[in-house]
Amino acid sequence: MPKIIVATFISLFLLGCNSLPEKLQIAEKVELLPFDEVGDMDLEPTNVQALWGGVIANTANFTDRTQIEIIYFPLNDQGRPQINQESLGRFRIYVGDFIDPFVYRPGRMVTVLGTLGLREKGYVGHYPYDYTVLHSLELHLWTDKQPLPMPPQIEQYLQSPPTFSYQ
């Protein structure tokens, strides 16, 4: 009998280690849209759901929502972005509330469960880019790892000229 109890606890422990965070879990019958299948599809806003993640590239607040630009990475079994894999591109998510850009700063990892929105045109630097859009239903910020170092943005160098001192 004690062996059965021990085996049950071990099974439950291992099951808990291989699951998504609770707020990202979905019903079994819901089909999720894979990032690599979106490609050049003509997308209309639908109730199609996706579970994607990656590394934050930028966070911008507007009067009625927050836009977060994500560098996509495939997810592991726990829903964590696998940053050791190759990225397949970028996407944007919209959250209906204020999101603090310091907390959701570049380099932090997130996973989002959302519904598909209209594709948007934007830029990565000066390069034109078509973003796939998700409207966030749930957003999970991964906190147990250090943020990835992100390269400086060109805008920070254009804000103020360098100062020189002569002695």
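Two residues are in contact when heavy atoms lie within 4.5 Å. Keep that in mind as you open this predicted model: among contacts in the chain with a separation of 6 or more, 64% are between residues 24 or more positions apart.

Start with the cartoon view. The chain has two helices and five strands, and along the sequence they run in the pattern α-β-β-β-β-β-α. Of the 167 residues, 33% count as buried.

R90 sits in strand β3 (residues 89–95) and E69 in strand β2 (residues 66–73), so the pair ties together parts that are 21 residues apart in sequence. Colour by accessibility here: R90 is partly exposed at 22%, while E69 is buried at 8%.

Stay on strand β3 and select R92 along with E120, which lies in strand β4 (residues 109–124), 28 residues apart from R92. The N to O distance in this salt bridge is 2.8 Å. R92 is buried, with 10% relative accessibility, and E120 is partly exposed, with 21%.

For the last stop, select D130 and K121. This salt bridge spans 3.2 Å, N to O. How exposed is K121? Its relative accessibility is 70%, so K121 counts as exposed, whereas D130 is partly exposed at 39%.

How values were computed
Residues are numbered from 1 along each chain as its sequence is written. This is a predicted model: local features need pLDDT of at least 70, side-chain atom pairs count only at pLDDT 80 or more; totals for chains, interfaces and linings use all residues. Side-chain values use heavy atoms; hydrogens and water are left out. Helices (H or I, at least four residues) and strands (E, at least two) are DSSP runs, numbered from the N terminus. Buried means under 20% relative accessible area, exposed over 50%, partly exposed in between (1.4 Å probe, protein chains only). A salt bridge is a side-chain nitrogen of Lys or Arg within 4 Å of a carboxyl oxygen of Asp or Glu.
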